[in-house]
Amino acid sequence: MLHETLWRACQDIAEACRRHPFVRGLEDGSLDPGVFRRYVAQDAFFLQAFARAYALAAARSRDLETLSAFCELLNGVWEELKLHASYAQKLGIDTAHVQPNPATRAYVDFLLATAWHGEMDVIMAAMTPCMRLYGYLGVELAKTRTSGNPYQEWIATYSGSDFGELVARLEALLDKLAPDAPAVREAYRYAMQCELNFFSAVMEEDP
Amino acid sequence: MRALADATLVRSAGELWRQATTARFLEAVGEGTLPVEAFNRWLVQDYHFADALTSYQAIALAKTPRALRQPLLDGLVALEAEMKMFKAQAQQRGLNLRGPVHHVCRHYADFLIRTVYSEPYAVLLATLFGVEASYLAAWSRLKPAGPYAEFIERWSGEGFQEYVESLRVLAESNPHADSQRYFNEVLIHERDFWRMTWEG
């Protein structure tokens, strides 16, 4: 299956994300709350763009089945945004007025430029890594249980069966709509790199 | 060049304007000391950028009211000639224009494409003015001499000056609340692009 081929081709980046200090910090609960706060703000900005990209893909779909799949995926990201809204409220973040850092900006510009201008196969390749990677990280992190981990809710969300079903839905759509072509591989890998840069940027940013 | 420096968007950009229009790469072009690999890197990446800019200009043209289109039409034709020049230069130097796109170039291209689809035409005019005006200002700081005189002349000459002036008029006569923000964002991309051409 194409989705497995693409994922396997990016194992180096997936493992770099798995070992990233940000992800390790979520795993054992040691992540600086200030870093998590920045992450929530940046991710809320990103997810709003991700929702728009789904909406654009839905508008450009060629059959009812694909349109229906994108509507469900859009609903899924909307639920994720609600989760962020609850974090954001607790953390006092105004998610409507986030200043994106350069890594977020690059990722969002890539996704939206692709969703507006790219072919459907490349759109699918650009959108899948975010979902697959978070599903993978959620399952990995759920293997370790640290009592009193303040990030348990995050881990539970991305390791949960609801999220897993969305990932499977998106990957089935990728398999249906995309061939194994250089542009598809390139977009998938670039999106994976954007994910890694996203983690690094929230760690590096000045408080 | 006086009108350019006096343009409201340029004056309001402050320090960003200087950062976007001065670069070690350009100094070396002017001094005739530019390493060949830096020139080659610039040529390939600028070709990728010009390709994205062609898409930008074509879509911006389609979104702009007919009465304002002439400078955009002229710009599109000139850009296509520039693409042919890049191809000829690359062939002479044995460079592969299909080589990888640097992430800095890619981000600039993605920014332009995302912007051209999602923003109103007035913002698109200010954005395009930013791209071309900063390029004109950057090359105009150099004397057209040395091994790269042909490039300096192309982007500091009268024809390009007139085109940029027509874009200034369009941008200033179609103001928008978001124009300065996008103009400034272009300057950040220009600054980063020049740095990339020098540093790799």
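These are my notebook entries on a predicted two-chain model.

**Ground rules.** I number residues from 1 along each chain as its sequence is written, and chains are lettered from A and ligands numbered from 1 in the order in which they are written. Since the model is predicted, local features need pLDDT of at least 70 and side-chain atom pairs count only at pLDDT 80 or more, while totals for chains, interfaces and linings use all residues.

**Chain A, overall.** I looked up the secondary structure and got ten helices and zero strands (DSSP runs numbered from the N terminus: helices are H or I, at least four residues; strands are E, at least two). The pattern along chain A reads α-α-α-α-α-α-α-α-α-α. Next I checked the radius of gyration (over C-alpha atoms; the globule rule is 2.2 Å times the number of residues to the power 0.38). I get 43% of the 207 residues of chain A as buried (20 or more other C-beta atoms within 10 Å of the residue's own, with C-beta atoms placed from the backbone).

**Chain A, contacts.** Of the contacts between residues at least 6 apart in sequence, 81% join residues at least 24 apart (contact: C-beta atoms, placed from the backbone, within 7 Å).

**A helix pair in chain A.** How do α4 (residues 33-59) and α6 (residues 102-117) of chain A pack, and at what angle? I find about 5°, with the axes 9 Å apart (axes are lines fitted to C-alpha atoms over the stretch in contact; angles run from 0 to 180 degrees between N-to-C directions). That makes α4(A) roughly parallel to α6(A) (under 35 degrees). Among the residues making the contact are A:F45, A:F46 and A:F50 of α4(A), and A:Y107, A:L111 and A:W116 of α6(A). By class I see 13 nonpolar, two polar and one charged (nonpolar: Ala, Val, Leu, Ile, Met, Phe, Trp, Tyr, Cys and Pro; charged: Asp, Glu, Lys and Arg; polar: the others, Gly among them).

**Chain B.** Here I count eleven helices and zero strands. The radius of gyration of chain B is 16 Å, close to the 16 Å of the globule rule for 200 residues, so chain B is as compact as a globular protein of that length. Its C-alpha trace spans about 40 × 35 × 30 Å, and buried residues make up 40% of the 200.

**Where A meets B.** I find seven residues from chain A and eight residues from chain B in the contact. The chain A side divides into five nonpolar, one polar and one charged.

Methods: Two residues are in contact if their C-beta atoms, placed from the backbone, lie within 7 Å. A residue is buried if 20 or more other C-beta atoms lie within 10 Å of its own, exposed if 12 or fewer, and partly exposed in between; C-beta atoms are placed from the backbone. Angles under 35 degrees count as roughly parallel, over 145 as roughly antiparallel, 65 to 115 as roughly perpendicular and the rest as oblique.
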